[in-house]
Amino acid sequence: MGIADTSIAALSAAFSGLAAFGAWKASREANDAAASVARIERDRWHDALTPQLRLKLQQSDGLLLYVRFDGPAQLGRLSVRLTIRDDFDRSQVPSLAGGPTPDEIERTIWGPYRFQPGINGADPLGRSVPPFPLEAGDRTRLALDPSGKPTWYEGADGEERWRQQYQDATIRLWVDCEAEGHKPWRLSFGVTPDGRWAQTGRTVGS
C-alpha cells in the first residue's frame with residue numbers, strides 16, 4: 001500500500017471515528033433530553049397528586065388535633081407522620097454564658113402545644129407521633145398538651161411568662177406523607193387556635 005493509500009485509509013478511519021463520536025454524542029444528548037422530560041413529567045404528576053390534608057384544633061374533653069385526608073383517592077392508603085416545629089430554627093443561635101445549652105434548647109418545644117407523651121405513640125418529649133394510616137375521606141384525632149416550660153423559666157411567674165409567650169400562637173407542623181408507588185411528600189402546616197381548618201400551609205374557613 002502506497003503513501004497515498006495509507007493517507008486515505010487514515011483519513012477514512014478518522015472520519016469514521018468522528019462520525020461514530022457524533023452519533024454517540026447525539027444519542028446521549030437525545031437520551032438526556034428524554035430523561036429530563038420524563039423527570040419533569042414525574043415531578044409534575046407528583047405535585048398534582050399532593051395529598052390534600054386538613055388539620056384543626058378543637059377543645060372539648062381535652063385539646064385535640066384533628067387530621068383529615070380529603071384525597072386524591074387514587075393514592076390509596078396514605079401513611080401520615082406529624083412533627084411539631086419550633087417557632088423558628090434555633091440550631092444556629094449561639095449559646096450565651098449562663099444560658100441554656102444547645103441540648104436544652106433542642107429538647108424544648110418552642111410553641112404552644114405538644115403531643116401528649118405516650119398517647120397515640122407520641123415520643124417522650126411530645127415532638128412527634130409515629131406514622132398512621134388514612135384512607136381518602138377518613139380522619140383521626142390526636143391528643144395535645146400545653147408545651148412544658150423550660151427549666152430556666154424560673155420563679156413564681158415562670159409558667160405564666162412561658163404561656164404568655166405563646167398565647168394565641170399558631171402550631172407549626174411538618175406532615176410527612178407516603179403512598180405506595182410514589183415519592184414521599186413533606187407538607188408544612190400552621191394551625192391556628194381558633195378551630196379553623198388549615199390545609200396544605202393555608203387556613204380555610206370552618
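This is a predicted model: local features need pLDDT of at least 70, side-chain atom pairs count only at pLDDT 80 or more; totals for chains, interfaces and linings use all residues.
## Overview

Buried means under 20% relative accessible area, exposed means over 50%, and partly exposed lies in between.

The protein has 206 residues, and 32% of them count as buried. Its secondary structure comes to three helices and ten strands. Read from the N terminus, the order is α-β-β-β-α-β-β-β-α-β-β-β-β. The protein exposes about 12600 Å². Carbon and sulfur atoms supply 53% of that area. Among contacts with a separation of 6 or more, 61% join residues 24 or more positions apart.

## Salt bridges

Side chains of opposite charge can pair when their charged atoms come close. The structure holds nine salt bridges. One of them joins Arg 54 and Asp 70, with the closest N and O atoms 2.8 Å apart. This pair links distant parts of the chain: Arg 54 is in strand 1 (residues 52-59), Asp 70 is in strand 2, and 16 residues separate them. Asp 70 has a relative accessible area of 30%, so it is partly exposed. Arg 54, at 22%, is also partly exposed. Arg 54, Arg 68 and Asp 70 are linked in a network of salt bridges.

Arg 77 forms a salt bridge with Glu 135, and their closest N and O atoms are 3.3 Å apart. Here too the pair links distant parts of the chain, 58 residues apart. Arg 77 sits in the loop between strand 2 and strand 3, while Glu 135 sits in the loop between strand 5 and strand 6 (139-146). Arg 77 counts as exposed at 54% relative accessibility. Glu 135 counts as partly exposed at 33%. Another salt bridge joins Asp 87 and Arg 90, where the closest N and O atoms are 2.3 Å apart. Asp 87 is partly exposed, with a relative accessible area of 29%. Arg 90, at 15%, counts as buried.

## The largest pocket and Ile 109

The largest pocket has a volume of about 220 Å³. By class, its lining has four nonpolar, three polar and four charged residues. Among the lining residues are Glu 104, Arg 107, Lys 149, Trp 152 and Ile 109.

Ile 109 is found in the loop between helix 2 (102-106) and strand 4 (113-115). Ile 109 has 4% relative accessibility, so it counts as buried. Beyond its neighbours within four places in sequence, Ile 109 is in contact with residues including Ile 84, Asp 86, Leu 125 and Trp 162. Ile 84 is 25 residues from Ile 109 in sequence, yet their C-alpha atoms are 7.8 Å apart. Arg 114 and Leu 125 also line the pocket, and both are in contact with Ile 109.

## Backbone details

Most residues other than glycine have a negative phi, and most peptide bonds are trans. A cis peptide bond joins Gly 71 and Pro 72, with omega about 0°. Pro 72 is in the loop between strand 2 (63-71) and strand 3 (78-84).

Asn 120 is not a glycine, but has a positive phi of about 60°. Asn 120 is found in the loop between strand 4 and strand 5 (132-134). With a relative accessible area of 38%, Asn 120 is partly exposed. Asp 168 also has a positive phi, near 65°. Asp 168 lies in the loop between helix 3 (158-165) and strand 7 (171-178). Asp 168 is exposed, at 65% relative accessible area.

Conventions:
Residues are numbered from 1 along each chain as its sequence is written. Side-chain values use heavy atoms; hydrogens and water are left out. Helices (H or I, at least four residues) and strands (E, at least two) are DSSP runs, numbered from the N terminus. Buried means under 20% relative accessible area, exposed over 50%, partly exposed in between (1.4 Å probe, protein chains only). Contact means heavy atoms within 4.5 Å. Accessible areas come from the Shrake-Rupley method with a 1.4 Å probe; for residues, only the protein chains shown count as cover. On a 1 Å grid over the protein atoms alone, a cavity is a set of points where a 1.4 Å probe fits but cannot get out, and a pocket is an open set with protein on both sides within 12 Å along at least five of seven lines; lining residues have an atom within 4 Å of a point. Grid points are joined across faces, edges and corners, and a volume is the space filled by probe spheres set on the points. Ala, Val, Leu, Ile, Met, Phe, Trp, Tyr, Cys and Pro count as nonpolar, Asp, Glu, Lys and Arg as charged, and the others, Gly among them, as polar. A salt bridge is a side-chain nitrogen of Lys or Arg within 4 Å of a carboxyl oxygen of Asp or Glu.
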